[in-house]
Each structure stands twice: as structure tokens, then as C-alpha cells.
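Let's walk through this structure together, one question at a time. Keep the viewer open and follow along.

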Amino acid sequence: MREIEKLFDRIVQRVNINLRELEYDVNPYVQDLIPFNQMVKFYGFYGISPHHPLNFKFRHSNLAGSYFLGRCRVSNSLLYKSDIRGDELKKKGDLFQFNDYEIPVVDNEEIHVEDSFLIKTLVHNFSHDPESLERFFIKDTISMNYANIHGAPCDGCFLGVFATVDLTTMRDCVIGNFSYVQAGEISHLNIPPGTVWVRNPGEFNFYYQFPEPRLNDYVYFGAGLPPQGKIIDFVEDRKEAFQRVFDVVNIEQTIPVPSSASLDRYSVTRGLTTIGDNVLVAQRAYLQNAWLGKGANVQENCFIINSRLEGNDVTAHGAKIIEADLGVMVFVGFNSFVRGRPENRLTIGENSIVMPHTIIDITEQLTIPPNHLVWGLIENEEDLETNSIAIEELSKVDTRLAMGNMFFEGNGAAFVEAFQHRILHILEANGAFFNGAEKKGHAQKNQYISFNTIQPYPEGAKKGIFPTIVIQP
């Protein structure tokens, strides 16, 4: 196991060197967080299908319990129960639109993970950096439990628990626990925990800061301590449900799935769960007494419990919906925690947008009206008043708007249009609009994936290290 220990020390040193100007030491946060003997217990696995470009390269790395799909390369890295999805990467000959430029893609894009330690992290989409069209890189980076790296090249960064970086290029940055950043390009920043920041330079800037004491009740991670809080407890209480789906090679679906829908074999279903046409359920999703209407999607690390989604609803990576009823076309953003109670259900009206990293945790019945944008921490009607706005009203803003801990400046109509355009793109990519012949997406294409496992060295100095492997067509 000596090689894993050496590799860990190397990665920590490289990250600390990149963060030296911020005077940030990652070692107290990651030392002994995942014991090395835990990292040697699990196999890696990858999917093959006719619809996803195949090219995997693994060298001097540990891939414990990690999943790969598409074009991925991992070198000198430690991955623990992470998902690396290369199924939406750009292809040779594509044109990448950036501002007024149409940039040709000269080679098939590939995800490169180098000298990094990713813990229960989702990596997905394609690089949105016009300087890095063919290479979606994650280098000298450490990410903690349930982080999301979505279309966001990273170099020399540290992501806290439940942190998300989305459509952003980062260099030498720290992203605090439960922070969400979509800001184009950033460097040498230390983003505080509980920051939600969406920026399109020259057009709009949305910024929200969670009140720290209240956020700590839900997500907290400090030096020398394991992640803790209500959201961590919620996930940990259900992790044993996934043990069987990863221990068993061949597993049969226990609920009916329409021919136009996809239920991943590495998802969990319990109770009376209903899957509608064109529904996508991704790996590591958890469904319990869930009703999913036509075109709804449940992405990686999502939980839908005792809830009804009417149709064409987007539940983005890591979002959780409990005891709630959602109208059509409701978007629930990355890592949001949306919880009603059996006796006091939560209702979210059609065409509403729940911003990424929103916490709605009610003890009294609450209804979010249709066509509203909500954000922040909402526990009652009073919180809703200062943490929501009608989308039509936001579209009229052309200077500044301040509500509670939220500050917005710029063009509200451009902000709304960008969000709505992205929601439609997600639905289209996931196959929500499939008509039986055209507009196939992941819900249809993911039905034809075969899964294969790879194993590490079982003993000796290389125990836990996976052999150098190249898997190509």
C-alpha cells in the first residue's frame, strides 16, 4: 500500500503549492478522512455503449468504486466513489460558440484527471473554456464529498463538501462548503462557505451568502473533523441501500420502465415508484415512493422520496426532494435540499426555478407559486418573502436588486433567458422531448450500456493501485 501513501502525499503537496498565495493548507482537511485500507476495497467500473465514444486510460491511480463513461484519462490520482461522465464531450468537427466566435474543435475532447484526489465527486459535461476545447482538465485538485465539477476545468484547487463549480475555469482557488460558482473564469479566490454566485460578465451578477450559523446546521466540515450536518446525515442514513447494487453483478429492475425511459442499474428504487415515458434516472440516484411524470430527470446523487414530479422536471446533480409536489417544468438546482413533511407538504408551482444550493426545509405547509425564482435558506413563509421573486418581475430589473442576503445587478431578462435556455437544453440532452423516432437523449441512449469492472493490485507495495490500462475501440 506504500504507493497509495506516496501518491496521496504527492497530491497534497501539489495542491498546497498552488494555494500558497492564499496561505491555505489542505492537509488538515484530508488527512485520514478516507483511510487507505478503505480505498483498496472497491473495484472501478466503466460503461460501453454504441452511443458514447470509448477511450479510457488509467495510469498509477486508485479508482475505488468510481464510474467512467465516454472519453476519460486518469493519471497519478486517487478517486474514491466518484463519477466521471464523458458522454457529452465535444467531438472533432464541432463548432464551439463563444461570444461572437465560432471556434472549430480539432480533436475529440477528453476528460483528463491528473495529480488529483476526488472524493465522491461528479465530473460531467464538456469544457466551456474556449482556451481548452479538446481537453477538460482537472489538475492538482482535491474535492470533498458530493462536490460537482461540471464543465469546469480546474488547476490547483480545493473544493469543500457539497461544493459545485459549474461552467467556470478555476485556477488556484478554494471553494467553500456548499458553495456554488458559475462565474466564467476565476483565479486566486477563497470563496466562503455557502456562497451562491452566478455571473456573466457584462450582463448580470447574482450573489447570495448563507448565514453561517444556520448553514452549519446543514453542512459543516472543518479541519480534523468528518463532514457533518443535516444534509450529510440524510445521505449517510441511506448509503447502505446502495451496497447491493454495487455488490451484485447482474441486477434486475423491480419496477416497470417504459421503452423510452432509462433507469440506471446503479440506482436504488424502493416502495411504490412510477417511471413515466422519457424519464432519465442516473447512477447513484435514490427513488422511494417517487412519481416521475413524462420527461422528468433525476441526475447523479439525487434523492426523490415520497414526492411527485409532474413532468419535464429537472433535478440537477445532487439535489434532494422529499415530501413535495412539483408542477411541470420545475428546475431544482445542484445540491439543493428541498424537504417538506408528511403532514405539511411542500408544493412548487410550474415553471419555477429553485436556484442551485437552495435549502427549503419546512415544518409548516408551504406553496411556492408558479413562475417564481427561489434561493437561499427557506423554512417558512417569512423566509420565502425575502428569498423569492416572480420571474416576470426579475425580468424587469435592469440595474440592481437587493433582497435579504441576495444581491443582483445587471439585466434580469438576460439572467432569466439564460436559465430557461439551459433548462431546455438539459431536457433535450436527456431525451425528454423524444417523439418515438427523433430527439433521442440519455433516457433512450443509456438503455444500451454494458458495465465492466476493473480491479486493483491485491497486495504488496502497489496494493490498491490499479494496473496501467488502456481501453479503446
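Q: Are F242 and Y286 buried or exposed?
A: Before we look, keep in mind that this is a predicted model. Buried here stands for under 20% relative accessible area. By that cut-off, F242 and Y286 are both buried.

Q: How many aromatic pairs does a search of the whole structure find?
A: Two rings pair if their centres lie within 6.5 Å. Searching the whole structure with that rule, the number of aromatic pairs comes to 34.

Q: Which kind of pair do the rings of F234 and F337 form?
A: A pair of aromatic rings is described by the distance of the centres and the angle of the planes. For F234 and F337 the centres are 5.6 Å apart. Planes over 60 degrees apart count as edge-to-face. The planes of F234 and F337 stand at 75°, so this pair is edge-to-face.

Q: How many residues apart in sequence are the parts that F234 and F337 tie together?
A: F234 belongs to helix α5 (residues 230-236), while F337 belongs to strand β36 (residues 337-339). Both of these residues are buried. Because one sits in the helix and the other in the strand, the pair ties together parts whose separation in sequence is 103 residues.

Q: Which residue lies over the face of F234?
A: A charge counts as sitting over a ring if NZ of Lys or CZ of Arg is within 6 Å of the ring centre and within 35 degrees of the ring normal. At 4.0 Å from the ring centre of F234, the residue over its face is R238.

Q: How far apart are the end C-alpha atoms of helix α1?
A: Helix α1 covers residues 2-18, which makes 17 residues. At 1.5 Å a residue, α1 should span 24 Å. The model agrees with this, since the end C-alpha atoms are apart by 25 Å.

Q: What area do domain 1 and domain 2 bury between them?
A: The domain assignment gives domain 1 as 3-234 + 450-471 and domain 2 as 252-446. Their contact takes 45 residues from domain 1 and 42 residues from domain 2. Of the area buried between the two domains, 60% is on carbon and sulfur atoms, and the total is about 3,900 Å².

Q: Which residues in domain 1 lose the most area to domain 2?
A: Together these residues account for 18% of what the domain 1 side buries. One of them, F234, is the ring that R238 lies over. The residues of domain 1 that lose the most area to domain 2 are F206, Y218 and F234.

Methods: Residues are numbered from 1 along each chain as its sequence is written. This is a predicted model: local features need pLDDT of at least 70, side-chain atom pairs count only at pLDDT 80 or more; totals for chains, interfaces and linings use all residues. Side-chain values use heavy atoms; hydrogens and water are left out. Helices (H or I, at least four residues) and strands (E, at least two) are DSSP runs, numbered from the N terminus. The expected span of a helix is 1.5 Å times one less than its number of residues. Rings of Phe, Tyr and Trp (its six-membered ring) pair if their centres lie within 6.5 Å; planes under 30 degrees apart count as stacked, over 60 as edge-to-face and the rest as tilted. Buried means under 20% relative accessible area, exposed over 50%, partly exposed in between (1.4 Å probe, protein chains only). Domain bounds come from an automatic or database domain assignment. Contact means heavy atoms within 4.5 Å. Buried area is the accessible area (1.4 Å probe) that two parts lose on being put together, summed over both.
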